[in-house]
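This report covers a helix pair and a set of salt bridges. The sequence and structure come first.

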Amino acid sequence: MLYIESPIGVGFSYSNTTENYIEWNDTKTARENLRFIVDWLEFPQYKDSDLYLTGESYAGHYIPQLAARTLEYNKMPNIKPINLKAIALGNPLLDLDISVIAGDYLWSHGAISDETLRLEKTVCNDSRRLREYYHDQWSKECNDVFNRVSEEIGPDVDPSDLLLPVCLSSTTAQQPISKGIQAKIHAKVSMF
């Protein structure tokens, strides 16, 4: 098994050359990864190996593009074809509109209120928020909705993994105070 972290800056990969981080894209990533695989398969002990490409998250873009380049490479004359057997994607980011919208998930786990879910569905959802973020065009509507989401979730919960245990400082851990939407529910229940 061989792990490749790419492009430069992902995981433990890095470069001391600033230019390597500029104008990098999926096409260049696929090209460089194919070059690496071709060179790797020059080692005699690996030259006849089967190749299975796997990845997670944004590799939902990288792996299919690398597979397509590999198939194109295999059509070239006078080369030893790469024995690509399969690809596998775990939790792939395929499309912002279907891969990152988390309102229903947060709501179904009691992290946000019905009203906040409605705002995420009608005013600003996660994909719009990401698009605005990447284009540095924050709107007041999105800020208002996601400030509300953040307030309801509370500061001690990772919104990308609600079930992940969060380490609290000793001061915070000693405070038996509910946060976010759970605090509001607790306050309402305590009133009766």
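How are α5 and α7 oriented to each other, roughly parallel or roughly antiparallel?

## Basis

This is a predicted model, in which local features need pLDDT of at least 70 and side-chain atom pairs count only at pLDDT 80 or more, while totals for chains, interfaces and linings use all residues. Residues are numbered from 1 along each chain as its sequence is written, and side-chain values use heavy atoms, with hydrogens and water left out.

## Helix pair

α5 and α7 are roughly antiparallel to each other (an angle over 145 degrees). The axes of α5 (residues 114–122) and α7 (residues 140–153) cross at roughly 150° and come within 10 Å. Axes are lines fitted to C-alpha atoms over the stretch in contact, with angles from 0 to 180 degrees between N-to-C directions; helices are DSSP runs (H or I) of at least four residues, numbered from the N terminus.

Glu115, Thr116, Leu119 and Glu120 of α5 make the contact with Val145, Phe146, Arg148, Val149 and Glu152 of α7 (heavy atoms within 4.5 Å).

## Salt bridges

The whole structure has 9 salt bridges (a side-chain nitrogen of Lys or Arg within 4 Å of a carboxyl oxygen of Asp or Glu). One of them joins arginine 128 to glutamate 132 at 2.8 Å, N to O. These residues are 4 apart in helix α6 (residues 126–134), about one helical turn. Glutamate 132 is buried at 10% relative accessible area, whereas arginine 128 is partly exposed at 29% (buried is under 20%, exposed over 50%, partly exposed in between, with a 1.4 Å probe and protein chains only).

In α7, lysine 140 and aspartate 144 lie 4 residues apart and form a salt bridge at 2.7 Å, N to O. Lysine 140 is exposed at 58%.

Definitions and conventions:
Helices (H or I, at least four residues) and strands (E, at least two) are DSSP runs, numbered from the N terminus. Angles under 35 degrees count as roughly parallel, over 145 as roughly antiparallel, 65 to 115 as roughly perpendicular and the rest as oblique.
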